[in-house]
Amino acid sequence: PRVILKGTMIKKSQQKKRTSPSNYKERFFVLDTQDLKYSERRPGKRPMLKGCIELSRIKCVEIVCADVPIPCSYKYPFQVFHDSHYLYIFAPDNDCRQRWVRALKEETKHNNLVAKYHPNFWMEGRWRCCHQSEKLATGCRIYNP
Ligand code: 4IP
Ligand code: ZN
């Protein structure tokens, strides 16, 4: 597979289990024509793969319009909704975020996408945009792939 983009960003834990912690990790992301992968970079060792999302499983990629302080050092969030999980990724600047969102949208435009998405974060048991308390509730804004 051809590599499309790579770079260091911060991700929030996807909280796949009810007991998962909420934390932020710096990861090295690689987007190729098949997957979005992220790894931990370790000095003197080879990077350790931490996650791999098949592009075909992605249903929405969009900027997050945050109305709360961002608790990590990279302040430009975007979301990747796949399977039944939301991956929040934080880019270091707006240009970088735009590049990733544009490239991911391009690579997923023929997928089975959502009609509507949530423009804000899922936080403390509800959507900050529409106040729904179900994480997988239908979105509240039209998605433009
Ligand atoms: C982990 O916390 C890391 O944040 C994982 O991220 C994350 O997996 C886990 O979330 C979370 O429990 P600890 O390191 O404190 O154990 P990474 O894989 O980048 O290290 P995700 O799914 O976000 O990759 P859960 O919900 O998958 O357990
Ligand atoms: Zn919403």
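The protein contains one helix and eleven strands. This is a predicted model. Along the sequence, the elements come in the pattern β-β-β-β-β-β-β-α-β-β-β-β.

**Overall dimensions**

- A compact globule of 145 residues would have a radius of gyration near 15 Å, and the protein agrees with this because its own value is 15 Å.
- Taken along the principal axes, the C-alpha atoms fill a box of roughly 45 × 35 × 30 Å.
- Of the 145 residues in the protein, 23% are buried.

**The seven-stranded sheet**

- Seven strands form an open sheet with antiparallel pairing, in the order β4-β3-β2-β1-β7-β6-β5.
- The strands at the edges are β4 and β5 (58–63); each has a single partner strand, so one side of each is left without a neighbour in the sheet.
- On average, neighbouring strands of this sheet are turned by 30° against each other, with direction ignored.
- As a general principle, the strands of a sheet pair through backbone hydrogen bonds, in either a parallel or an antiparallel manner.

- Strands β2 and β3 (residues 35–40) run antiparallel and are joined by four bridges.
- A hairpin of two residues connects β2 to β3.
- Two bridge partners in β3 can be named: Lys37 is the partner of Val30, and Tyr38 is the partner of Phe29.
- β3 also pairs with β4 in the antiparallel sense, over six bridges.
- Glu40 stands opposite Met48, a residue of β4.

**The helix against the strands**

- Helix α1 (residues 94–108) lies across β1 (3–12), β2, β5, β6 (76–82) and β7 (85–91).
- Relative to β5, helix α1 runs at about 155°.

**The surroundings of ligand 1**

- Ligand 1 is surrounded by 13 residues, and the closest are Ser13, Gln14, Lys16, Ser20 and Lys50.
- Both β2 (24–32) and β4 (48–54) supply at least two residues each to the shell around ligand 1.
- Which classes of residue make up this shell around ligand 1? The shell has six charged, six polar and one nonpolar residue.

Definitions and conventions: Residues numbered from 1 in each chain as written. Chains lettered and ligands numbered in written order. Predicted model: local features only at pLDDT ≥ 70, side-chain atom pairs only at ≥ 80, totals over all residues. Near = placed C-beta within 6 Å. Nonpolar A, V, L, I, M, F, W, Y, C, P; charged D, E, K, R; others polar. Pairing = 2+ DSSP bridges. Axes fitted to C-alpha atoms, helices over the stretch in contact; angles between N-to-C directions. Contact = placed C-beta atoms within 7 Å. Rg over C-alpha atoms; globule rule 2.2 N^0.38 Å. Buried ≥ 20, exposed ≤ 12 C-beta atoms within 10 Å, placed from the backbone.
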